Amino acid sequence: MRIAVFASGTGSNFTAIADAIQANEIKGAQIGLVFSDKPAAPVIEKARARDYETLVLEPAAFASKAAFERKLIEELQYHAIDFIVLAGYMRIIGNILLSAYEGRVINIHPSLLPSFPGKSGIADAFAYGVKVTGVTVHYVDAGIDTGPIIAQEIVRIDTDDTLTSVTEKIHQVEHQIYPAVLAEIVEKGLSNRE
Ligand code: GRF
């Protein structure tokens, strides 16, 4: 299965997935493309350093979101991409891209959805004072962090935790769960969605 990783930032989840593929822990998966909407995103450097194909398209350079997504689909098809893995991709996937890759886009979110969706799931959970938060991997639909949940793992917030320590714990869990979920999806094949 040829995967495209979409990321707007650091790319630590991309690294975890790429490491797992290199270690042959996601059998049958290949990263066919690393895409970013941000030219300066560190993930692009990381991907180039590992000799992956990369693509940067800035939505502002297109007349509309539809035009942006049509170009993106063209590129995904050119790279023979079967499956899209969002890893810190900070844009909503529009209907055009979603219908081209229906049931074949997943995302990781740093909270136990449906609690604390949106851009700052870790900080929002910490500020709320919850004692348990976590990580969710889910299929992507037209909403924000709303698609069918595939896997979740809890992270406890102890009294001596800080936002930094919780963030670290969340990332550690992310780097385990995302490659593991991907391995299961690839193993079961694309037909087994639920
Ligand atoms: C992760 O916390 C992920 O859950 C969220 O964005 C962050 C991306 O981090 N969607 P990185 O770029 O993979 O380091």
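The model is predicted: local features need pLDDT of at least 70, side-chain atom pairs count only at pLDDT 80 or more, and totals for chains, interfaces and linings use all residues. Residues are numbered from 1 along each chain as its sequence is written.

- Strand 6 covers residues 132–139, and because 7 of its 8 residues are buried, it is largely enclosed by the rest of the structure.
- Buried means under 20% relative accessible area, with a 1.4 Å probe and protein chains only; strands are DSSP runs of E with at least two residues, and helices are runs of H or I with at least four, numbered from the N terminus.
- Strand 5 (residues 105–109) pairs with strand 6 in the antiparallel sense over 4 bridges, where pairing requires at least two DSSP bridges between the strands.
- I108 has V137 of strand 6 as its bridge partner.
- Strand 7 (residues 149–156) is also antiparallel to strand 6, over 7 bridges, and its E153 stands opposite V135.

**The largest pocket**

- A pocket is an open set of points on a 1 Å grid over the protein atoms alone, where a 1.4 Å probe fits, with protein on both sides within 12 Å along at least five of seven lines; lining residues have an atom within 4 Å of a point.
- The largest pocket is lined by 30 residues, of which G88, Y89, M90, N107 and I108 lie nearest its centre.
- Two or more lining residues each come from helix 1 (12–22), strand 5 and helix 6 (163–188).
- Strand 5 gives the largest share of this lining, 3 residues.

Methods: Side-chain values use heavy atoms; hydrogens and water are left out. Buried means under 20% relative accessible area, exposed over 50%, partly exposed in between (1.4 Å probe, protein chains only).
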